[in-house]
Amino acid sequence: MEGIFISLIVFAAVYGVIKLIVQRRERIMLIEKIAGNVDDQNIKKLSETYVRRGTFSTLTIGCLLLGAGLGLIISIFIAQCVIFPQMEMVGHGTDLYYRMREMLGVATMASVLLFGGLGLVVAYFFEKAELRKAAKKE
């Protein structure tokens, strides 16, 4: 079993090094390509693109956290209305009681991840709409 983990770690390390080398070469080729077309218009366009991306990262993080918070609130609601009353009926110390406690943890994580993912999808559609507006203005 340890051999599998060691081989996975070695593979991941080799893959990471190769990926870094390839990305470095791609960046160098991109810089050389851009260097031939440098003028004030291109610099202004690149800087505007960079500024726009910064605002989207804030939107993405905000929607992710909002979705995760909503998922946590819904999991608390599920626990209060569904799981806790059943746990009281089963009684403390039984096998079913402990399985329900595990189910509560799974339900909490599932709802947080589900609504966090939905928040990222919502952020994607907001970004897409903003990019369409910006393209229409130009």
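This is a predicted model: local features need pLDDT of at least 70, side-chain atom pairs count only at pLDDT 80 or more; totals for chains, interfaces and linings use all residues.
A search of the whole structure finds 2 aromatic pairs. The other one joins Phe11 and Tyr15, whose ring centres are 6.4 Å apart and whose planes meet at 20°, so this pair is stacked. Both Phe11 and Tyr15 belong to helix H1, which covers residues 2–35, and they are separated by 4 residues, about one turn of the helix. Phe11 counts as exposed, since its relative accessibility of 57% is over the 50% cut-off.

The two pairs can be set side by side as follows.

| Aromatic pair | Distance between ring centres | Angle between planes | Class |
|---|---|---|---|
| Phe11 and Tyr15 | 6.4 Å | 20° | stacked |

The protein chain as a whole contains 3 helices and 0 strands, so that, read from the N terminus, its elements follow the order α-α-α according to the assigned helices. Buried residues account for 13% of the 138 residues in the chain. Among contacts in the protein chain with a separation of 6 or more, 70% are between residues 24 or more positions apart.

Helix H3 comprises 43 residues and spans 63 Å from its first C-alpha to its last, which is close to the 63 Å expected at 1.5 Å a residue. Its buried residues are Tyr97, Met100, Leu104, Ser111, Val112, Gly116, Gly119, Ala123, Glu127 and Ala134. When neighbours within four places in sequence are left aside, Tyr97 is in contact with Met87, Val90, Gly91 and His92.

Ser111 lies in helix H3 and is buried, because its relative accessible area of 8% is under the 20% cut-off. The side chain of Ser111 reaches the backbone oxygen of Thr108 at 3.0 Å, and, with residues up to four places away in sequence not counted, Ser111 touches Gly71 and Ser75. Glu127 is also found in helix H3, and with a relative accessible area of 19% it too falls under the 20% cut-off and is therefore buried. The side chain of Glu127 makes a polar contact of 2.6 Å with the side chain of Thr60. Beyond its neighbours within four places in sequence, Glu127 is in contact with Phe56, Leu59 and Thr60.

The cysteines can be considered last. Cys63 is buried, with a relative accessible area of 12%, whereas Cys81 is partly exposed at 47%. A disulfide is a covalent bond between the sulfur atoms of two cysteines. A search of the whole structure finds 0 disulfides.

Notes. Residues are numbered from 1 along each chain as its sequence is written. Side-chain values use heavy atoms; hydrogens and water are left out. Contact means heavy atoms within 4.5 Å. A disulfide is a pair of cysteine sulfur atoms within 2.5 Å. Buried means under 20% relative accessible area, exposed over 50%, partly exposed in between (1.4 Å probe, protein chains only). Helices (H or I, at least four residues) and strands (E, at least two) are DSSP runs, numbered from the N terminus. A polar contact is a pair of N or O atoms within 3.5 Å; within protein, one must be able to donate a hydrogen and the other to accept it, and residues adjacent in sequence count only if both atoms are side-chain atoms. Rings of Phe, Tyr and Trp (its six-membered ring) pair if their centres lie within 6.5 Å; planes under 30 degrees apart count as stacked, over 60 as edge-to-face and the rest as tilted. The expected span of a helix is 1.5 Å times one less than its number of residues.
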